[in-house]
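Could you walk me through a protein model, one question at a time?

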Amino acid sequence: MAGTGILIEIENNMVKEASLGVMTAAKGQEKYALVLGQEASSVKEKLGEYGAAHILHITAPGNLSANPDLQALAVADAVKEYQLDTLLGTASAMGKDMFARIAAILEEPLVSDCVAVNIKDRTVKKSHFSGKTFATLKINCSCLLCTLRPNSTEPEPSPTACDIIEFEARVADPGLIKIVETRKAGGARLDLTEAPIVITGGRAIKSAENYKMLEACAQKIGAAVGASRAAVDAGYAPHSMQVGQTGKTVSPKLYIACGVSGAVQHFAGMKTSKVIVAINEDKDAPIFSKCDYGIIGDIFKIIPALTEKL
Ligand SMILES: Cc1cc2nc3c(=O)[nH]c(=O)nc-3n(C[C@H](O)[C@H](O)[C@H](O)COP(=O)(O)OP(=O)(O)OC[C@H]3O[C@@H](n4cnc5c(N)ncnc54)[C@H](O)[C@@H]3O)c2cc1C
């Protein structure tokens, strides 16, 4: 049986929750957790707990950590060396950047931002037409390359004995990219696309200042704060916070829409949330036909009360 590779994302020496979800999505397969550059021993226990039979610790000549071209070449080399027939990752900024390059190097098709994968049948499930339909696609390939939407699979431990394989890729930096500086947006804020809970403010929030009310609530529950396009267009929030067709796609366990009407373009970006709660003072707002729980009322009364209760 050929193995399944999972490209692991690590932050502050911890495996990201989204990568553990991808590990779970590969249930039943012999899993190779691909760790690029950094220390592998510190994440061995966690990856073994989530079913990694092997950690492929990939190094390469040159500065692997700061060069997506070199990273992609190194991963592709590992895929060939260990004859992996599947490579999964997260549809995150890193995943989007890396997988397109890996697909080009391996000359294999890539399916990105999927909500489910069946490795045995070589099928994936993807949201289409702004979230109105889901398509199941059968992929004809030698190596299935697929990124999964963060939070699409709940991480579930399945402890396995795990070893670390050191692999030095036989690749050279093509010299096409020079990273001058890396800046993290939003300081210490949680990444919107990976957060387990998202609380979004729509046009009703009325000012940038009033987002502090949502941030106070978000802090209590470990949520990221999002915005509708109307709020972004009005200058209340930066575009990096926009959820929807022309913003970010999120799939949290809990989505709380505050003063958002529920336009189809907004829905396109949060439809796959597990539980949707809407707070709106208009009982006929379209969001109420699309949510799991609805609260009819004024966000300026409900959010502070909710924050206090939490
Ligand atoms: C091509 C295209 C792409 C688009 N992409 C996106 C996108 O990516 N994301 C996106 O969000 N939109 C997008 N839009 C815009 C979208 O159609 C809507 O206009 C937008 O989502 C509306 O934002 P909103 O719900 O915040 O504002 P509104 O539609 O104005 O709704 C505000 C809601 O707040 C409620 N409200 C007001 N005051 C209070 C209060 N005090 N308490 C409680 N409720 C209150 C009102 O009842 C109302 O329902 C796109 C549109 C187009 C044409």
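This is a predicted model: local features need pLDDT of at least 70, side-chain atom pairs count only at pLDDT 80 or more; totals for chains, interfaces and linings use all residues.

Residues are numbered from 1 along each chain as its sequence is written, and side-chain values use heavy atoms, with hydrogens and water left out.

User: Which residues of helix α2 are buried?

Analyst: Helices (H or I, at least four residues) and strands (E, at least two) are DSSP runs, numbered from the N terminus. Buried means under 20% relative accessible area, exposed over 50%, partly exposed in between (1.4 Å probe, protein chains only). In α2, residues 41–49, the buried ones are Val 43, Leu 47 and Gly 48.

User: Within what arc do the buried residues of α2 fall, seen down its axis?

Analyst: The arc is that of the directions from the helix axis to the C-beta atoms. The buried residues of α2 line one face of the helix, because they fall within an arc of 140 degrees.

User: Which side chains meet in a salt bridge?

Analyst: The domain assignment, automatic or from a database, gives domain 1 (4–168) and domain 2 (197–309). A salt bridge is a side-chain nitrogen of Lys or Arg within 4 Å of a carboxyl oxygen of Asp or Glu, and the rule finds one across the interface of these domains. At 3.7 Å, N to O, a salt bridge joins the side chains of Lys 253 and Glu 154.
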